[in-house]
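Me: I'd like to walk through this model with you, one question at a time. Could you start with the overall picture and then go into the details?

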Amino acid sequence: YAEWDLRDIDFVEDDSDLLHALKIAVVDIYHSRLKERQRRKRIIKDHGLINLRKFQILERRYPKKVQDLYESMRRFARIIGPTEHDKFIESHALEFELRTEIKRLQEYRVAGITNFCSARTYDRLKKVREEERLKRTMLSEVLQYIQDSSACQQWLSRQADIDSGLSLTVPITSNSGRRSAPPLNLTGLPGTEKLNEKEKELCQIVRLVPGAYLEYKAALVNECHKQGGLRLAQARALIKIDVNKTRKIYDFLIREGSITKA
C-alpha cells in the first residue's frame with residue numbers, strides 16, 4: 001500500500017538537500033497514487049460497476065455479436081463517458097435487431113408472403129420441415145450402420161449421449177474396415193416408386209433416402225426457375241447437407257436438364 005512508503009518518513013532540519021528532495025519525491029508519488037484511486041473510484045461509480053454481478057446480467061441480455069462489440073469497446077468507456085457509451089451500445093443492439101427483422105421480412109417476400117397471418121403459418125411449416133429433415137438425416141445414418149451391429153451400437157450410444165446433453169463427437173468405427181459405405185438399399189423406402197432408374201442409382205451412391213432427394217430436387221428446381229439459373233454455391237446454401245452430396249445432386253440435375261447453370 002502507498003501509505004506504507006510514508007510511515008517512516010520524517011522531515012528534519014539537518015537533512016541534506018538530496019535526502020530532502022528524495023522525501024518530497026516520495027510524497028509526490030503518494031499524491032499521484034491517491035489521485036489514481038479517486039479516478040478509478042469515479043469510473044466505477046459513474047458506470048455502475050459497484051454491483052458487478054448485476055452489470056454482467058445486464059450485459060448478457062444482448063445478442064452474441066453485440067456482446068463481442070461490448071467487450072471490445074469497454075476499454076473506451078472511460079473516455080467517452082458512461083451515458084455516451086451506453087447510447088453507443090444500445091444503438092448497435094437496435095441496429096442488430098433491425099437487420100435481423102429486415103432479413104426475416106426479406107425471406108417472407110422471397111417466399112411470396114404478403115401478410116403476417118401467412119407469415120405465422122410459414123414459420124410453423126418451416127419448423128415442421130426442419131424437424132422432418134433432421135429425422136431423415138437420422139434415418140440415413142441408421143441405414144448406413146444398420147448392417148454392422150457394432151457400429152450401430154456405437155451410433156445408438158452416441159445419440160443417447162446427445163439426448164442427455166453431452167456434445168460428444170466420437171467417430172463411429174465399423175468392424176468391416178471399409179473406407180466407404182456400401183450403396184444404400186432402397187427396398188421399401190418411401191418415395192422409391194417416384195424415382196427413375198438414374199435417380200435410384202444416384203440415391204444409392206450418395207446414400208440419400210428418396211424422400212429427401214425429392215425434396216432437395218424440388219427446392220433446387222424451384223430456385224432455378226426463380227433465378228433463371230442456379231450456381232453450386234446457391235445450391236449448397238439452399239440444402240444444408242454434406243457439400244459432396246450436394247455437388248453430386250447438382251451435377252446430376254444439370255446433366256438431366258432439370259436445372260441450368262447461372
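**A guided look at the fold**

Reply: Happy to! Of the 262 residues in the protein chain, 24% count as buried, where buried means under 20% relative accessible area, exposed over 50% and partly exposed in between (1.4 Å probe, protein chains only). This is a predicted model, in which local features need pLDDT of at least 70 and side-chain atom pairs count only at pLDDT 80 or more, while totals for chains, interfaces and linings use all residues. Residues are numbered from 1 along each chain as its sequence is written, and side-chain values use heavy atoms, with hydrogens and water left out.

Me: What average pLDDT does the protein chain have?
Reply: The term pLDDT is the predictor's confidence in each residue, from 0 to 100. In the protein chain, 77% of the residues score at least 70, and the average is 78.

Me: How many helices and strands make up the secondary structure?
Reply: Helices (H or I, at least four residues) and strands (E, at least two) are DSSP runs, numbered from the N terminus. Along the sequence the pattern reads α-α-α-α-α-α-α-α-α-α-α. The count is 11 helices and zero strands.

Me: Within what arc do the buried residues of helix 9 fall?
Reply: The buried residues here are Pro210, Ala212, Tyr213, Tyr216, Leu220, Val221, Glu223 and Cys224. The face turned away from them carries the exposed residues His225 and Lys226. The arc is taken from the directions from the helix axis to the C-beta atoms. Seen down the axis of helix 9, the buried residues line one face of the helix because they fall within an arc of 165°.

Me: How far apart are the end C-alpha atoms of helix 11?
Reply: The expected span of a helix is 1.5 Å times one less than its number of residues. Helix 11 (residues 243–256) has 14 residues and should therefore span 20 Å. The model agrees, with its end C-alpha atoms apart by 20 Å.

Me: Which helices do the buried residues of helix 11 pack against?
Reply: Thr246, Ile249, Tyr250, Phe252 and Leu253 are the buried residues of helix 11. They fall within an arc of 165° seen down the axis, so they line one face of the helix. Among them, Leu253 touches Tyr213, Lys217, Leu220, Ser258 and Ile259, not counting residues up to four places away in sequence. The packing partners of this buried set are helix 8 (197–206), helix 9 (210–227) and helix 10 (232–238).

Me: Which backbone oxygen does the side chain of Thr192 reach?
Reply: Thr192 lies in the loop between helix 7 (149–163) and helix 8, and counts as buried at 13% relative accessibility. Beyond its neighbours within four places in sequence, Thr192 is in contact with Leu186, Lys200 and Pro210. At 3.2 Å, its side chain reaches the backbone oxygen of Leu186.

Me: What phi does Arg207 have?
Reply: Arg207 is found in the loop between helix 8 and helix 9. This residue is buried, with a relative accessible area of 10%. Although Arg207 is not a glycine, its phi is positive, at about 55°.

Key. Contact = heavy atoms within 4.5 Å. Polar contact = N/O pair within 3.5 Å; in protein donor to acceptor, adjacent residues only side chain to side chain.
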